[in-house]
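Me: Please take a close look at one helix-helix packing in this model. Then place it against what else stands out.

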Amino acid sequence: MAKLTIDGVEYEVKDGRTILQALDDLGLLMNGVDVPHYCWHPKLTIDGSCRLCQVEVEGFPKLQIGCNTPVKDGMVVHTKSERVKHAREGVMEFLLLNHPLDCPICDQAGECKLQDYAFEYGVKHARTEEPRRALKKNVDLGPTIKFDQERCILCRRCVRFCREVPKTGELAVFNRGDHSVIETVPGMQLDNPYSMNVADICPVGALTTKDFRFKIRVWFLEEAPGICTGCSNGCNVYLGVANNKVYRYVPRRNDSVNDTWICDVGRMTYEEIGAPDRLKLPAVRSDSGVLEAVPFAKAIDAAAARLRSLVERKGAGVLAAVASAHASNEDLLVLARFLDAYGIRHSGVTVRRGDSDDLLVKAEKAANAEGARTLGFEEAGPLAKQIAGGGIDGLIVLGHDLLDPAYLGGERTLAKLDTVIVLDTHVSALERVAHVILPVRHAAEKDATYVNHAGRVQRSWPVVEPSFEAYADGEVISRLGAALGLPGFDGKFDVREVSRSLGAAAAAFRGIDLESVGEQGIPLAGKG
Amino acid sequence: MGLKVPFVTGYLTEHFGDDAFPTLEGYRAKGGYEAARKALGSMTPDEVIELMKTAGLQGRGGAGFVTGLKWSFMPKKGDKPRYIACNADESEPGSFKDRILLERGAHQMLEGILIGAWAMQAEKTFIYVRGEYAHPAACVQRAIDECYAAGILGANCLGTGFRHDVVLTRGAGAYICGEETGLLESLEGKKGQPRKKPPFPAEYGAFGMPTTVNNVETFSHVPHIVAKGADWFRGFGTEKSPGTTIFGVSGHVARPGLFELPLGTRLDEIVFQHAGGVPNGRKVKGVIPGGMSMPILPAGQLDVAMANEFLRERKTMLGTGGIMVMDDTTCMVRASCVITYFFRDESCGQCTQCREGTGWLHKLVTRIERGAGSIEDIEILADVTSKMEGQTICAFADAAAWPVQGMLRHFREDFELHVEHKKCPFPESFEL
């Protein structure tokens, strides 16, 4: 440990860190101790070229860049001196010299570090009458990103990102001096599974995602914390919300999960929340075989009636339940209680699998496979075989991963079942065979916890309200249990109370519930 | 006598007129490689470094850092190979001394390298030659080949068992590759952009190995110091700046060329006596004392000894010793246009202040030259240089800012006349 004094306050910092790294470790950078910076990024190599983070270090005649100056025990740093102010004004003025004055139509406006720092640290008027550089506008860098060369301040974060994170190296600085420009390497496109992160780390409006640009002015967005549910990594995100609609995901820093990144596929899963194929209406199949929309309570009653009739004829032994790895721990705990209460012995959890990489993307394409396993749900493969073999007559199914080729490979084998009750967020082929359909909520619409691949419990918050009637899976099952008159089911679902009882259901959850998880998540017992 | 320059010779250049001297045989005939034999055969590496420190040789590449001290920064232990890079990327406008040292004294330089290699226990030297220097590069390569054939370089240098290899590489024409870490990047085949420090080259240099970078002339002094001792060396020059150096004089003088003279020789002596003064009955207006990146001195300040301790008092530096003389027809705003254009064109573009500042300076100066500038523009010019200097990865931004500061310090009137007349008031000056 080393002692570092900044603006008269002494801090203890880890050895071998630079001034900015030490401030970042302490959580103080731009959050108590303001050292503005452009090229430095906590998850990229140090570049040291923007020169905005210059500070005064006692014992050095010249100003030193905070990003690359190693902390030495006893070092004394000043971030607010006149010299520092003069240097920052210089950098800001130089960066603005050739920057276009198109803030009103720039999509970065409102979350632009050039705007912010110019306001905070810049000179208050322009002193140049020389024409500004005219460079390329609206350049297609690849399938996901648009580039405005004139707005670029050459911090080279994007260049380093492509070289260091996806290791694809599509971008480089060409030419030199004040005719330096960033371009894609000849013959290459900016096209990698993490490409859209360059728009997040670009401090200005040079790199924007084709998906989000011009959708909404960012100052109308509320940035709400949440997690990506695209795979079992559970990357932390901010959901950009306005008008009860999610406009985008941007990665939220969590050094234990996703650093500051998210994959492009995961980022785009925000579209699922307000997707046109959301399951919006509860429905019951009529005697004529047609699905008819009914009020929610009627659908619950119809589901209960079908189940009761089947059990009366054949007993609970012919019932099975398929849990979903998309469902939360709270949902799954209620389902487990339901199975116990109703005496359903056949159950399993479906987890759709796909591509993975060694960065963030995990093979299990759902947020909570690990949570389901922790709560005792076994892999649904054997159950799927049993269903296909005709051993099951009634099925409660959460989600539609059962239709994946790894399980049933389609809805056909379900057609002969006596009873199929579906709880789902989105329309699927299950509709063709379901007898009762019950719409449920997306993670972004409820309080819930999930366990990622590494055993880290994370949570979601309700940041949008569905425009149709839908409930958490747990609540739907609670109501079904009550309709069936099952012991312990009164039709109420208090997610906090359910969450608090997770520890009693599985020891790994002991001491963990919605309230304790927080924005950064906590590891399951034994996974720390 | 095959060569007319230097006009004044010293220990470095005394045999440069001898056409045999560039060959190994001719060099040996003048006692060549005896100093290396002495160093490798009878001195420890530390003794050589101590000798260099005592001699007080300052690097001749422009910054003037004490060579012995630089050598002592190399790690003594460690399993990484240690390298030397010899900076032959002479590209400072006004500087042409290294060229003759390469063409006529390649063996002298190689001997200095070999002694340095022994002192730092370096296993390899990369000689990085400016791309445009095709002939000098060929001269050096010939000398290297001769050394390998004669067993001076290679697995068993001079029969002492010490191994040292020398590799010549050529640059591709960027001024910034003369900056030591820009050179290392270029040497590695990358874009020539200076590296941030730390780490310093002695820790992380060429290909990540500990490396010391020295200039051609610096190495050329080394055999003489080893052969004749520190006291002898300190007999030349001033107390703080010992030895001779090769001044290159260009511009409005009767006898432009190279002059090997002790450091501390007066600038007016060099300009008027050695270089023959300003021709055509004109007068000196200003003199750049050390290559284009050094601030200019006005005619009234030429009574200065050419050594850093004295030049600093006049807010300029020795640099590479490239002296550029301008007569009284010269428009200093035009001269500033040339200077700022050069730095704008050559900035590597990494650091904000340099990338944007060099362009801004050039635009401002050009506009003033056109007669479209204002008094405020002159103030801005000064302010811009103050926001460029001392803030960047390498000294390039300083090198771009200082000459403008020098022009404003001594020739502000020229700038103001342009504003007043709304055109250039120096019709006889050179064409842009």
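Reply: Axes here are lines fitted to C-alpha atoms, for helices over the stretch in contact, with angles from 0 to 180 degrees between N-to-C directions. Helices are DSSP runs (H or I, at least four residues), numbered from the N terminus. The model is predicted: local features need pLDDT of at least 70 and side-chain atom pairs 80 or more, while totals for chains, interfaces and linings use all residues. Residues count from 1 along each chain as written, chains are lettered from A and ligands numbered from 1 in written order, and side-chain values use heavy atoms, without hydrogens or water.

Now the pair. H8(A) spans residues 329-342 and H11(A) residues 473-483. Their axes come within 7 Å and cross at roughly 20 degrees. H8(A) and H11(A) are therefore roughly parallel (under 35 degrees). The crossing is left-handed: the near helix is turned anticlockwise from the far one by less than a right angle.

Contact means heavy atoms within 4.5 Å. H8(A) brings Asp331(A), Val334(A), Leu335(A) and Phe338(A). They meet Asp473(A), Gly474(A), Ile477(A), Ser478(A), Leu480(A) and Gly481(A) of H11(A). By class, five of these residues are nonpolar, three polar and two charged, with Gly counted as polar.

Between the chains, 35 residues of chain B contact 37 of chain A.

Terms used
Helix = DSSP H or I, 4+ residues; strand = E, 2+ residues; numbered from the N terminus. Parallel < 35°, antiparallel > 145°, perpendicular 65-115°, else oblique.
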